[in-house]
Amino acid sequence: MEKSEIEKQTTSAGQSDPESEKNLSYEEAVAELETIVQSLERGEAKLEESGKLYERGVFLSRYCSRILNEMEEKITELRVDDEGGLTEFPLNQS
(Lines give C-alpha, C1' and ligand atoms only; values in the text may rest on other atoms or scores of the structure.)
Protein backbone atom coordinates (compact mmCIF):
# COMPACT_ATOMS: atom_id res chain seq x y z
CA MET A 1 0.00 0.00 0.00
CA GLU A 2 1.43 3.37 -1.04
CA LYS A 3 1.52 6.17 1.52
CA SER A 4 -0.32 9.40 0.83
CA GLU A 5 1.65 12.63 0.54
CA ILE A 6 0.41 13.63 4.00
CA GLU A 7 1.54 10.34 5.52
CA LYS A 8 4.96 10.77 3.91
CA GLN A 9 5.34 14.17 5.58
CA THR A 10 4.08 13.05 8.99
CA THR A 11 5.87 10.77 11.42
CA SER A 12 4.05 8.16 13.48
CA ALA A 13 3.71 10.67 16.31
CA GLY A 14 1.99 13.12 13.97
CA GLN A 15 4.87 15.57 13.91
CA SER A 16 6.12 16.98 10.65
CA ASP A 17 9.30 15.76 9.08
CA PRO A 18 11.77 18.68 9.52
CA GLU A 19 12.93 18.22 5.93
CA SER A 20 9.41 18.73 4.57
CA GLU A 21 8.97 21.85 6.73
CA LYS A 22 12.09 23.46 5.24
CA ASN A 23 10.59 23.29 1.76
CA LEU A 24 7.05 24.27 2.76
CA SER A 25 5.92 27.78 1.87
CA TYR A 26 3.14 29.53 3.77
CA GLU A 27 0.88 29.27 0.72
CA GLU A 28 1.55 25.54 0.35
CA ALA A 29 0.85 24.98 4.04
CA VAL A 30 -2.47 26.85 3.85
CA ALA A 31 -3.49 24.92 0.73
CA GLU A 32 -2.63 21.60 2.38
CA LEU A 33 -4.50 22.62 5.53
CA GLU A 34 -7.59 23.50 3.47
CA THR A 35 -7.42 20.11 1.76
CA ILE A 36 -7.18 18.35 5.12
CA VAL A 37 -10.14 20.28 6.54
CA GLN A 38 -12.26 19.43 3.50
CA SER A 39 -11.30 15.77 3.75
CA LEU A 40 -12.17 15.62 7.44
CA GLU A 41 -15.45 17.45 6.87
CA ARG A 42 -16.47 14.92 4.21
CA GLY A 43 -15.83 12.12 6.72
CA GLU A 44 -14.56 9.74 4.07
CA ALA A 45 -11.30 8.78 5.79
CA LYS A 46 -10.99 5.84 8.13
CA LEU A 47 -10.40 6.55 11.81
CA GLU A 48 -6.61 6.05 11.74
CA GLU A 49 -6.17 8.20 8.64
CA SER A 50 -8.46 10.86 10.15
CA GLY A 51 -6.23 10.96 13.21
CA LYS A 52 -3.15 11.47 11.06
CA LEU A 53 -4.91 14.14 9.02
CA TYR A 54 -5.97 15.92 12.19
CA GLU A 55 -2.43 15.85 13.61
CA ARG A 56 -0.98 17.14 10.34
CA GLY A 57 -3.65 19.86 10.33
CA VAL A 58 -2.70 20.96 13.84
CA PHE A 59 0.96 21.09 12.80
CA LEU A 60 0.15 23.13 9.69
CA SER A 61 -2.04 25.52 11.66
CA ARG A 62 0.77 26.15 14.16
CA TYR A 63 3.33 26.43 11.34
CA CYS A 64 1.24 29.06 9.54
CA SER A 65 0.61 30.94 12.76
CA ARG A 66 4.35 31.00 13.51
CA ILE A 67 5.13 32.33 10.02
CA LEU A 68 2.49 35.07 10.38
CA ASN A 69 3.81 36.08 13.79
CA GLU A 70 7.37 36.27 12.46
CA MET A 71 6.25 38.41 9.53
CA GLU A 72 4.21 40.68 11.79
CA GLU A 73 7.32 41.32 13.90
CA LYS A 74 9.21 42.41 10.77
CA ILE A 75 6.55 44.83 9.57
CA THR A 76 7.06 48.42 10.59
CA GLU A 77 4.95 51.52 10.36
CA LEU A 78 6.40 54.78 9.12
CA ARG A 79 5.26 57.87 11.00
CA VAL A 80 6.10 61.51 10.59
CA ASP A 81 8.01 62.68 13.66
CA ASP A 82 7.94 66.15 15.26
CA GLU A 83 10.67 67.38 12.91
CA GLY A 84 8.88 66.20 9.75
CA GLY A 85 11.11 63.18 9.24
CA LEU A 86 10.00 59.58 8.98
CA THR A 87 10.48 57.22 11.90
CA GLU A 88 9.92 53.45 11.90
CA PHE A 89 7.81 51.91 14.64
CA PRO A 90 6.87 48.28 15.21
CA LEU A 91 3.43 47.65 13.74
CA ASN A 92 1.65 47.15 17.06
CA GLN A 93 3.29 50.01 18.96
CA SER A 94 1.09 53.06 19.65
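Me: Which residues of H3 are buried?
Reply: This is a predicted model, so local features need pLDDT of at least 70 and side-chain atom pairs count only at pLDDT 80 or more, while totals for chains, interfaces and linings use all residues. Numbering starts from 1 along each chain as its sequence is written, and side-chain values use heavy atoms, with hydrogens and water left out. Buried means under 20% relative accessible area, exposed over 50%, and partly exposed in between, with a 1.4 Å probe and protein chains only. By that cut-off, the buried residues in H3 are Ala29, Glu32, Ile36 and Ser39.

Me: Within what arc do the buried residues of H3 fall, seen down its axis?
Reply: The arc is taken from the directions from the helix axis to the C-beta atoms. The buried residues of H3 line one face of the helix, because they fall within an arc of 90°.

Me: How far does H3 reach from its first C-alpha to its last?
Reply: Helices here are DSSP runs (H or I, at least four residues; strands are E, at least two), numbered from the N terminus. The expected span is 1.5 Å times one less than the number of residues. H3 has 17 residues, with 24 Å expected, and its reach is close to that, at 24 Å.

Me: How do the axes of H3 and H4 cross, in distance and angle?
Reply: Axes are lines fitted to C-alpha atoms, for helices over the stretch in contact, with angles running from 0 to 180 degrees between N-to-C directions. H3 covers residues 26-42 and H4 covers residues 47-74. Their axes come within 9 Å and cross at roughly 145°.

Me: By class, what makes up the contact of H3 with H4?
Reply: Contact means heavy atoms within 4.5 Å. On the H3 side the residues include Leu33 and Ile36, and they meet H4 residues including Gly57, Leu60 and Cys64. For the classes, Ala, Val, Leu, Ile, Met, Phe, Trp, Tyr, Cys and Pro are nonpolar, Asp, Glu, Lys and Arg are charged, and the others, Gly among them, are polar. The count comes to 13 nonpolar, 4 polar and 2 charged residues.

Me: Is cysteine 64 buried or exposed?
Reply: Cysteine 64 has its place in helix H4, and touches Tyr26, Ala29 and Val30, leaving aside residues up to four places away in sequence. Its relative accessible area is 6%, so cysteine 64 is buried.

Me: How far apart in space are glutamate 27 and cysteine 64, C-alpha to C-alpha?
Reply: Along the sequence, glutamate 27 and cysteine 64 are 37 residues apart. In space, their C-alpha separation is 8.8 Å.

Me: Which residues does leucine 33 touch, not counting those up to four places away in sequence?
Reply: Leucine 33 sits in helix H3. With residues up to four places away left out, leucine 33 touches Gly57, Leu60 and Ser61.

Me: What pattern does the protein chain follow along the sequence?
Reply: The protein chain has 4 helices and 2 strands. Read along the sequence, they give α-α-α-α-β-β.
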